Amino acid sequence: MRRHAAIFACGLFALALVSGAAQAQTAQEILAKMIDAQGGAKALTAVKDTTINATVELVAMGMNGTLTMYQKEPSMMRMDIEIMGMVITQAFDGTVAWMVNPQTGATEEMPEQAVAAMKRQSLGNDALLNPDKYGIKYAAKGKEKLDDKEYLVLEQTTADGHQTTMYIDPASYLTYKAKGKEVNLQTNTEVLTESVFGDFRKVGDVTLAHSVATSQDGQAFMKMAITKVAFNQGLEDSFFKMSK
């Protein structure tokens with residue numbers, strides 16, 4: 001009788017192992033569900049450019065302003081930030097990262113340490129849909145509890161070796177939080193940057209976050225609230241290029 005009980009217990013243990021393995025999701029499966037949660041591959045492929053208007057609060061500086069961000073597939077980006085009457089422009093045209101110095105009004109290439117970050121941030125939907133094309137790798141890292149809720153952990157490694165840890169809501173497959181090391185251009189030092197995403201809304205066929213709260217080394221840095229999103233405005237490549 002004890003032998004039968006032992007065999008039965010071993011069977012349950014083996015079944016538990018098999019079930020656990022079956023339930024564990026691969027990075028590719030998680031990524032596929034993330035794409036579906038954002039509207040699906042067809043909807044994301046249809047987006048050729050995106051224009052986002054937002055209000056921003058620079059918490060550490062005690063300042064408020066507005067931001068307009070433009071992204072054109074596959075890898076162009078421009079941000080125009082207006083704060084206290086100053087306009088700060090930062091852009092990447094697919095090759096060159098540049099900025100308009102708010103103090104002098106001069107257009108200049110960004111420092112070397114900022115170029116890699118701008119290149120990563122400029123990647124659009126095509127990089128999500130076809131990560132191998134851009135040398136981006138994903139690895140599933142199990143689950144982790146944040147704020148009394150369990151999230152799927154997905155680690156992204158870009159072609160330049162930069163790593164970002166993403167926390168995915170297992171109910172919606174939308175990204176709750178992302179964190180990674182970034183260079184603070186003012187101090188020229190690496191800081192742990194964390195962004196929490198919320199207020200997800202559907203714009204057309206695409207779902208995206210309308211609020212982002214960012215901290216650096218555990219201190220509140222910026223809060224952003226998106227007021228308008230527009231797709232396919234026909235943005236020209238020249239809009240992203242540095243004027244000479």
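Reader: Why is Asp199 called partly exposed?
Author: In this predicted model, Asp199 has a relative accessible area of 40%. Buried means under 20% and exposed means over 50%. The value lies in between, so Asp199 is partly exposed.

Reader: What makes Arg201 and Asp199 a salt bridge?
Author: Their closest N and O atoms are 2.8 Å apart. The cut-off is within 4 Å, so the pair counts as a salt bridge. Arg201 is partly exposed, at 42% relative accessibility.

Reader: How do you know that Asp169 is buried?
Author: Its relative accessible area is 13%. Buried means under 20%, so Asp169 qualifies.

Reader: Which side chain does Asp169 meet in a salt bridge?
Author: Lys149, at 2.9 Å, N to O. Asp169 sits in the loop between β9 and β10, and Lys149 in strand β8, 20 residues apart. Lys149 has 34% relative accessibility, so Lys149 is partly exposed.

Reader: What makes Glu194 and Lys177 a salt bridge?
Author: The N to O distance is 3.0 Å. That is within 4 Å, so the pair counts. Glu194 lies in strand β11 and Lys177 in strand β10, so the pair ties together parts 17 residues apart in sequence.

Reader: Are Glu194 and Lys177 buried or exposed?
Author: Glu194 is at 16% relative accessibility, and Lys177 has a relative accessible area of 16%. Buried means under 20%, so both are buried.

Reader: What makes β4 and β5 paired strands?
Author: 4 bridges join them, and they run antiparallel. Pairing needs at least two bridges, so β4 and β5 pair.

Methods: Residues numbered from 1 in each chain as written. Predicted model: local features only at pLDDT ≥ 70, side-chain atom pairs only at ≥ 80, totals over all residues. Heavy atoms only, no water. Buried < 20%, exposed > 50% of the residue type's maximum accessible area, 1.4 Å probe, protein only.
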